[in-house]
Amino acid sequence: MSISKKLTVDNLRLSVLISLLSFIGSFSSIFIFLIFLFIFCDEKISFIESVCSLIFVTGIVFILKFTVKRKRNTSEINKIKQKIDPYSFPSGHISRIFAAVSPFYNLLPVVISIFILGFFVSIARICKGYHYFSDCLVGVFTGIISSVLAKIVLKTILTIIC
């Protein structure tokens with residue numbers, strides 16, 4: 001039995017904690033996270049890299065989802081969301097978490113905390129039936145790769161301008 005099948009059981013899927021964790025990584029939760037970092041963090045260049053990384057990861061995830069077209073593990077997503085985002089591979093929530101946080105690699109406690117949180121969000125997304133394990137794993141790598149891409153692009157732009 002696969003990891004995804006073992007985690008997609010009713011008592012976990014219907015848990016309030018699982019539902020709350022599953023929300024983390026949505027556009028609104030990432031937006032709140034970025035506002036918090038912008039206000040309380042002196043790392044403004046990391047903030048800019050994070051925003052660029054989120055732009056890149058959104059495009060990458062969209063292309064992958066509509067190229068691979070892997071159906072979700074559940075039909076319990078509301079009909080509007082199902083029409084907008086019918087595919088599971090890769091996980092947009094997980095990729096956004098890692099895309100937003102990876103530029104802050106020099107703030108080790110924040111990064112470690114978010115990586116642990118990302119793990120639990122992955123478990124929650126699998127429990128809800130929205131994703132398979134591989135969707136979440138590829139989401140991690142997609143987020144980190146988009147962060148590296150953002151860093152390279154911004155450095156290149158700064159080199160050209162300066």
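I am working from a predicted model.

**Entry 1: α5 against α9**

I started with helix α5, residues 44–68, and helix α9, residues 133–161. Their axes come within 7 Å and cross at roughly 125°. I noted the hand of the crossing as right-handed.

Next I listed who touches whom. On the α5 side I found Ile 45, Ile 48, Glu 49, Cys 52, Ser 53, Phe 56, Val 57, Ile 60, Val 61 and Leu 64. They meet Thr 142, Gly 143, Ser 146, Ser 147, Leu 149, Ala 150, Lys 151, Val 153, Leu 154 and Leu 158 in α9. I sorted the residues of this contact by class: 13 are nonpolar, 5 polar and 2 charged.

**Entry 2: α4 against α5**

I then looked at helix α4, residues 27–40. How does α4 lie relative to α5? The axes come within 10 Å and cross at roughly 165°. The cut-off for roughly antiparallel is over 145 degrees, so α4 and α5 are roughly antiparallel to each other. This crossing is left-handed.

From α4, the contact uses Phe 27, Ile 30, Leu 34 and Phe 38. From α5, it uses Lys 44, Phe 47, Ser 50, Val 51, Leu 54 and Thr 58. I count them by class as 7 nonpolar, 2 polar and 1 charged.

**Entry 3: salt bridges**

How many salt bridges does the structure hold? I found 2.

One joins Lys 151 to Glu 49, with the closest N and O atoms 3.1 Å apart. Lys 151 sits in α9 and Glu 49 in α5, so this pair ties together parts that are 102 residues apart in sequence. Both residues are also on my contact list for α5 and α9. Lys 151 is partly exposed, at 32% relative accessible area. Glu 49 has 8%, which I log as buried.

Another joins Asp 135 to Arg 70, with the closest N and O atoms 2.7 Å apart. I placed Asp 135 in helix α9 and Arg 70 in the loop between α5 and α6 (79–84). The pair links distant parts of the chain, 65 residues apart. Is Asp 135 buried or exposed? Its relative accessibility is 0%, under the 20% cut-off, so I log Asp 135 as buried. Arg 70 is partly exposed, with a relative accessible area of 28%.

Conventions:
Residues numbered from 1 in each chain as written. Predicted model: local features only at pLDDT ≥ 70, side-chain atom pairs only at ≥ 80, totals over all residues. Heavy atoms only, no water. Axes fitted to C-alpha atoms, helices over the stretch in contact; angles between N-to-C directions. Helix = DSSP H or I, 4+ residues; strand = E, 2+ residues; numbered from the N terminus. Left-handed = near helix turned anticlockwise from the far one by under 90°. Contact = heavy atoms within 4.5 Å. Nonpolar A, V, L, I, M, F, W, Y, C, P; charged D, E, K, R; others polar. Parallel < 35°, antiparallel > 145°, perpendicular 65-115°, else oblique. Salt bridge = Lys/Arg side-chain N within 4 Å of Asp/Glu carboxyl O. Buried < 20%, exposed > 50% of the residue type's maximum accessible area, 1.4 Å probe, protein only.
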